[in-house]
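Here is a brief report for a reader new to this structure. Look over the sequence and the fold, then read on.

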Amino acid sequence: MDTPAFPVPTIADLRRAAVRIQGAAIETPLLSHPFLDAAVGGRVFLKCENLQRTGSFKFRGAYNAVAALDPAVRAKGIVAISSGNHAQGVAEAARIFGVRATIVMPADAPALKKARTLRSGARVVDYDRAVEDREAVGQKVLAEEGGTLIHPYDNAHVIAGQGTAGLEIVSALRDLGVIADAAIIPCSGGGLSSGIGVAIRDAFPKAALVLVEPEGFDDYARSLAAGTPVANDKTAGSVCDGLLSPSPGPIGFALNQANGARAIAVSDAEALAAVAFAFNELKLVVEPSGAVTLAAMLSGRFDARGKTVAAVLSGGNIEPAMLERALAL
């Protein structure tokens, strides 16, 4: 792949982001549980971004990107496109800075995510993701209202912000005297996985980077195989509503490709089973999108036997009905 014509975040950018978000984002815990270790046959450390401010890792990147703007530019307002978690992160970051935020969200986005986006003071513009191009809707909003678009994953400041979770993983493992054999990360557009990948590759050069996506939306696996970003055939149809980006973002794809990442997919049933396992056995509330790493290990799609694994639980914004569905399986 040719060198991309855009800034690719480095470990130094992640460290600057960590300073920028300090005091706003939560340093989430890295937890282990003997029952989980026994279930998968390895030693697993869960990075609990379901406990992050606004309920997901997205706040890190959103806050970093908004904070990095020139104050005069920031004052003109923020626009974002999101199915829910990035929406909440941007809305809350904009609220903290006292600026206007307009969020383009699919009409079928979970009601809980939409309500919390509105709670932070943002205006929501609905679109039909089955027939409308979300990027076109976002550009229309920008043309009408002005402001700065904060892309959910194809933005260097967003990726660096997400990567701060990786810095925290590395720091916590080093405090324990532990070396990771693998880092396993939920993946859609690639902002989280590529940012964390920078931190993991810097600290643990031999660790495997494994990206997990929903079955039927395996654009990252196909893109890595093809050597260039390719798109999904559809943009809806999974319980993992936060992992349905149309295709990998170029910035994150360049990083994931350079860092030797590979991707695997899990089924909706496996994701829901992982949600139930997290609730029943680990006492953690995780949404299906956030639980795909746990699903990959529990299902055996990722073989954790004999390995030390850092696994990200990326979000906990689950509707009560979806949690009931998972627990009923």
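## The sheet

Strand β2 (residues 43-48) and strand β10 (residues 308-313) run parallel, joined by 6 bridges. Within this pair, Phe-45 stands opposite Ala-310 in β10. The model is a predicted one.

The pair belongs to an open sheet of 6 strands. Their order is β1-β2-β10-β7-β8-β9, and the pairing is mixed. β1 (30-31) and β9 stand at the edges. Each has a single partner strand, so one side of each is left without a neighbour in the sheet.

## Helix α10

Which residues of helix α10 (residues 219-226) are buried? They are Asp-219, Tyr-220, Ser-223 and Leu-224. These residues cover an arc of only 130° around the axis, which puts them on the same side of α10. The spacing fits a general rule. An α-helix has 3.6 residues a turn, so residues three or four places apart point the same way.

What do the buried residues of α10 pack against? Their partners are β8 (208-214), α11 (250-258) and β9 (262-266). β9 is also an edge strand of the sheet. On the other side of α10, Ala-225 and Ala-226 are exposed. Gly-227 follows the helix, and its phi is positive, near 80°.

## The largest pocket

The largest pocket holds about 460 Å³ of space. It is lined by 36 residues. Closest to its centre are Arg-134, Ser-188, Gly-242, Leu-244 and Ser-245.

The lining divides by class as follows.

| Class in the lining of the largest pocket | Count |
|---|---|
| Nonpolar | 13 residues |
| Polar | 16 residues |

Which element gives the largest share? That is α9, with 3 residues.

## A loop residue

Ser-120 lies in the loop between α6 (111-119) and β5 (123-127). Is Ser-120 buried or exposed? Its relative accessibility is 12%. Buried means under 20%, so Ser-120 counts as buried.

Which residues does Ser-120 touch, leaving aside those up to four places away in sequence? They are Ala-91, Glu-92 and Arg-95.

Notes. Residues are numbered from 1 along each chain as its sequence is written. This is a predicted model: local features need pLDDT of at least 70, side-chain atom pairs count only at pLDDT 80 or more; totals for chains, interfaces and linings use all residues. Side-chain values use heavy atoms; hydrogens and water are left out. Buried means under 20% relative accessible area, exposed over 50%, partly exposed in between (1.4 Å probe, protein chains only). Helices (H or I, at least four residues) and strands (E, at least two) are DSSP runs, numbered from the N terminus. The arc is that of the directions from the helix axis to the C-beta atoms. Contact means heavy atoms within 4.5 Å. Two strands pair if DSSP finds at least two bridges between them. On a 1 Å grid over the protein atoms alone, a cavity is a set of points where a 1.4 Å probe fits but cannot get out, and a pocket is an open set with protein on both sides within 12 Å along at least five of seven lines; lining residues have an atom within 4 Å of a point. Grid points are joined across faces, edges and corners, and a volume is the space filled by probe spheres set on the points. Ala, Val, Leu, Ile, Met, Phe, Trp, Tyr, Cys and Pro count as nonpolar, Asp, Glu, Lys and Arg as charged, and the others, Gly among them, as polar.
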